[in-house]
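Please walk through this structure, taking confidence before geometry. The sequence and the coordinates come next.

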Amino acid sequence: YVPGSDDIRSELALPLKIGERVLGILDLESNRVNAFGPEDERLLSSVANQAAIVLWNASLFAEARARATRFEAVNEIARAVSSTLDPTRLDRAIVSQLARVVPCDRYAVLRYDPEHRRVSRAVVLDARTNLAHDGDGLDWSYEEGLDPATLVPHRAEHFADLSTTAHLAEARLVAHGMASML
């Protein structure tokens, strides 16, 4: 129990549960002692059960909507891939669609040039302004950053704290240098 105010004298708290999952609590408070009886508890228990079902359905609906939005973004990227041969338009479509479904501050497409063993920044989208900027000529060698040969298909390289990977060009030049494009 967490006291809310000094004038509350009685309370009835009912769990909002679906199976064993507690979604919340329906909490009623009164400034009268013994304000709630067994009939109140039976009635409000029924209300709490119905409210839990509504909350659960709403969360399922929100989850389904988010999943549909992600699939739509993937479809838009696939459509962009099949409708253009222009790498810049394709890069812009990719970052724009990703921004719809993955919340973060900035999105970028980096391009690898295996012949010269170089990485270049092709496009950056800033989430605050929703503006995409084409590459600015910033590039680095494979030796300064991640060598594409070490990357595993369909598995992301995750850097939870860029301060621990400051030696990599991707962390040093991209994460800290994107502001130069904005």
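Over which residues does pLDDT stay under 50? The stretch is residues 176-182, and for these residues the model has 20 contacts beyond four places in sequence. This is a predicted model, and the mean pLDDT of the protein is 83, with 91% of its residues at 70 or more. By element, confidence is lowest in helix α3 (residues 169-175), at a mean of 64. Strand β1 (residues 10-18) has the highest value, 93.

Strand β1 is also part of a hairpin. Its partner is strand β2 (residues 21-30); the two run antiparallel and are joined by 9 bridges. Within this pairing, Leu 16 stands opposite Gly 24 in β2. The hairpin leaves 2 residues between β1 and β2, and Gly 19 in the turn has a positive phi of about 60 degrees. In a regular strand, side chains alternate between the two faces of the sheet.

The next topic is aromatic rings. The count of aromatic pairs comes to 1. The ring centres of Tyr 112 and Tyr 142 lie 5.7 Å apart and their planes are at 85 degrees; edge-to-face requires an angle over 60, so the pair falls in that class. The pair links distant parts of the chain, 30 residues apart: Tyr 112 belongs to strand β3 (residues 106-113), while Tyr 142 sits in the loop between β6 (139-141) and α3.

Are the two tyrosines buried or exposed? Tyr 142 has a relative accessibility of 6%, and because buried means under 20%, Tyr 142 counts as buried. Tyr 112, with a relative accessible area of 34%, is partly exposed.

How values were computed. Residues numbered from 1 in each chain as written. Predicted model: local features only at pLDDT ≥ 70, side-chain atom pairs only at ≥ 80, totals over all residues. Heavy atoms only, no water. pLDDT = per-residue confidence, 0-100. Helix = DSSP H or I, 4+ residues; strand = E, 2+ residues; numbered from the N terminus. Contact = heavy atoms within 4.5 Å. Pairing = 2+ DSSP bridges. Phe/Tyr/Trp six-rings, centres within 6.5 Å; stacked < 30°, edge-to-face > 60°. Buried < 20%, exposed > 50% of the residue type's maximum accessible area, 1.4 Å probe, protein only.
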